[in-house]
Structure formats: structure tokens, C-alpha cells
Amino acid sequence: MAKVIAIANQKGGVGKTTTAVNVAASMAATKRKVLLIDLDPQGNATMASGVDKYEAEATCFELLIEEKPIDDVIVKETSGKYDLIAANGDVTAAEIKLMEMFAREVRLRNALASVADYYDFIFIDCPPSLNQLTVNALAAADSVLVPMQCEYYALEGLTALMDTIQKLASVVNPALKIEGVLRTMYDPRNRLANDVSEQLKRHFGEQVYRTVIPRNVRLAEAPSFSMPAMYYDKSSAGAKAYLALAGEILRRREKANPPAKAS
């Protein structure tokens, strides 16, 4: 059964799409079957996966609004070696049309039901706002991964985000949990970043990933070449960090679901 992880933060520019693309590619590199869903109308995760959002034959719009079979929407050939459900400007219209639809909060969850047994992980790149698309992601997800920068107001913003997620979860998905808090674009030479990092660990404990994503030029360059960092420069600090994050997610999953002992 696939583990569905929504990657969400109301604040833009925190490395959300970078995380979605690179953790999906890293998990696929460990021979797991991975699906990445781009729910952001900007389509940045789609482009970074080597798929032209302007040429996409089907997107989340067709899946959520026209109820096209999910197998007809999934793109199999991506630069990250994972499967993809693309997004482009059409997905903005999906957000508006969802407002008028019956059971609008669970349309993504229902669509994923037929492929849940095929994939090991399904990652959802959410828009940087709490709209109907994000609600669909949270309704479909088992957990939420929150990328954030260690900067001023980060703790206050994160606490508010956690509270919002929990309130929303109580309505659409009571089983939803926080997968983890990921520190992104981290510069250890920055005293403020170190101070905020320590505060994060004190407030959120084991929910904060040990893995830290550094501020890295290769991570910033890779999307312009339409590929995840590990295929652009696998020796870069950014690529290695996301591989480490994939390993940490796998270890957490194994700890939470230990294999049954033979009787």
C-alpha cells in the first residue's frame, strides 16, 4: 500500500517543489515505485521532471474535474525515473470548478485508490496556499512533509501552519499526521539559521528531520535543465542531502511498521 505524503507550506519560496522533485527522484533511485503529483498550477515540478507543461496531454484538471482514468493521466517517462501527474495553468480552473462539485474534498483520494497498491510512495506537491487543491492533497495524504527555512518568524509561521493542518485534518482526514519538518536552504555559517534550527528541535523534537538541505547552487540550477539534482550533478551537496532524506523517510517508515515475525 502506497504511503501518500503531501509536501506543503503556505509560504512560498521555501523549497517545496525542489523537495518534491528531489525526494521523489531519490526514492525512485532506491528502486521504490514512485508517483509525483504536481498540484501547483505553476507546473514547476512538471517542468523539473523533464515534462513540458504546455505540451502535457492530461493534467490534474482532467483527473479531478473530468474524472479521466488515472492511468490515462500518468506520465511514465520523466527525467527523475518516477511517474508523474502533470500540472499547468489549467489546474487554476480546476480549483474554481471544485468549489461547485459534490464531495470536492476527496476527489484526489478517490482517484488514487486504484493505484495505491502499485506504488510504494506517492508525493504531492501542493500550491503555496490553503485552497481546494491543497485540501484535496491533505484529504488524500497519510502525512504532511513541511519544508521551511530557518529564518525570522519561521517558528511562528510553522506553529500556525501546523495548527491549520490539524484543524483541516479533523474535518477531511482525521488520520493525517505530520511526516516531518525539513530545514531547507540551510547555511551553517548563518548564526540566525543555527538559532532557529535549535528552537525548531526544542519545539518539535523528533518531527524535525536530522537531514538538512543546504543552500546549494546545483539544486537551484537543476530545474533549468529539466531534471532533479541527482541526475544533474549526483556528487553535489544538494543531491546527497535528498538521498539522505529518502533514507531517513524509509527508516522512519520501517520503524513505524516493523515486519511481522514469522511464527
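1. Glutamate 198 has a relative accessible area of 39% and is therefore partly exposed (buried is under 20%, exposed over 50%, partly exposed in between, with a 1.4 Å probe and protein chains only). Lysine 201, at 37%, is also partly exposed. The two side chains form a salt bridge with an N to O distance of 3.0 Å (a side-chain nitrogen of Lys or Arg within 4 Å of a carboxyl oxygen of Asp or Glu). Both residues lie in helix H9, three residues apart.

2. The model is predicted: local features need pLDDT of at least 70, side-chain atom pairs count only at pLDDT 80 or more, and totals for chains, interfaces and linings use all residues. Residues are numbered from 1 along each chain as its sequence is written, and side-chain values use heavy atoms, with hydrogens and water left out.

3. Twelve salt bridges are found in the whole structure. Lysine 16 pairs with aspartate 125, the closest N and O atoms being 3.1 Å apart. Lysine 16 is in helix H1 and aspartate 125 in strand S4 (residues 121-125), so the bridge ties together parts 109 residues apart in sequence. Both residues are buried.

4. Lysine 16 also bridges to aspartate 40, with closest N and O atoms 3.9 Å apart. Aspartate 40 sits in the loop between strand S2 (34-38) and helix H2 (44-48), 24 residues from lysine 16. Aspartate 40 is buried at 5% relative accessible area, and lysine 16 at 7%.

5. Helices H8 (residues 154-172) and H9 (residues 191-204) pack at about 30°, with axes 10 Å apart. H8 is therefore roughly parallel to H9 (angles under 35 degrees).

Key
Axes fitted to C-alpha atoms, helices over the stretch in contact; angles between N-to-C directions. Helix = DSSP H or I, 4+ residues; strand = E, 2+ residues; numbered from the N terminus. Parallel < 35°, antiparallel > 145°, perpendicular 65-115°, else oblique.
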